[in-house]
Amino acid sequence: MSFKYTEEDGRIVAKDKDGLEVGEVTYTRDGDEVLVINHTGVDPANRGQGVAEELVHQVVEKAKNEGLKVEPVCSFAQKEFERKSEYREVLKQ
């Protein structure tokens, strides 16, 4: 199944083909330069399809495009940053 990812205020949402929300990643801004990922969640029926990974990826791409850093606070985002070395360029030190 393919999902559509859209940015809303302070979050990125994954929706299925019917437009139903199946997952989200929420973030806040810390000053002008940092996005803090504080929650990643996916509906249990849609887990195991890469939705959460893609949601974190969307925040990373947003940070790259806007010249920002990312502070992964939620445990899932922390694991993604540990697993994916390409994310280190936007990791807040």
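Predicted model: local features only at pLDDT ≥ 70, side-chain atom pairs only at ≥ 80, totals over all residues.
A residue is called buried here when its relative accessible area is under 20%.

In α1, the buried residues are Val51, Ala52, Leu55, Val56, Val59, Val60, Lys62 and Ala63. What lies over them? The cover includes the strands β1 (4–8), β2, β3, β4 and β5 (69–72), together with the helix α2. As for the length of α1, its 16 residues should span 22 Å at 1.5 Å a residue, and the 23 Å between its end C-alpha atoms agrees with that. After α1 comes glycine 67, with a positive phi near 70 degrees.

In soluble globular proteins, nonpolar side chains tend to be buried together. The largest nonpolar core here has 23 residues, and those touching the most other members are Ile37, Leu55, Val56, Val59, Val70 and Phe81. Two or more residues come from each of β2, β3, β4 (34–42), α1 (51–66) and α2 (75–83). Which element gives the most? It is α1, with seven residues.

Next, the charged side chains. The whole structure holds 13 salt bridges. One of them joins glutamate 7 and lysine 62, at 2.7 Å from N to O. Glutamate 7 belongs to strand β1 and lysine 62 to helix α1, 55 residues apart. Are these two residues buried or exposed? Lysine 62 counts as buried because its relative accessibility is 10%, while glutamate 7, at 47%, counts as partly exposed.

A second salt bridge pairs arginine 29 with glutamate 66, at 3.1 Å. Since arginine 29 is in strand β3 and glutamate 66 in helix α1, this pair ties together parts 37 residues apart in sequence. Both are partly exposed, arginine 29 at 46% and glutamate 66 at 40%. Glu7, Arg29, Lys62 and Glu66 are linked in a network of salt bridges.

Finally, consider aspartate 16, in the loop between β2 (11–15) and β3 (21–30). Aspartate 16 is buried but has no salt bridge, and the nearest side chain of opposite charge, that of lysine 17, is 6.4 Å away. What does the side chain of aspartate 16 reach instead? A polar atom of this side chain lies 2.9 Å from the backbone nitrogen of aspartate 18, and the side chain also reaches the backbone nitrogen of leucine 20 at 2.9 Å. Lysine 17, for its part, meets aspartate 18 in a salt bridge of 3.7 Å, and both of those residues are exposed.

Note on methods
Residues numbered from 1 in each chain as written. Heavy atoms only, no water. Helix = DSSP H or I, 4+ residues; strand = E, 2+ residues; numbered from the N terminus. Buried < 20%, exposed > 50% of the residue type's maximum accessible area, 1.4 Å probe, protein only. Lys, Arg positive; Asp, Glu negative; His and termini not counted. Salt bridge = Lys/Arg side-chain N within 4 Å of Asp/Glu carboxyl O. Polar contact = N/O pair within 3.5 Å; in protein donor to acceptor, adjacent residues only side chain to side chain. Core = buried A, V, L, I, M, F, W, Y, C linked by side-chain atoms within 4.5 Å. Expected span 1.5 Å × (residues − 1). Contact = heavy atoms within 4.5 Å.
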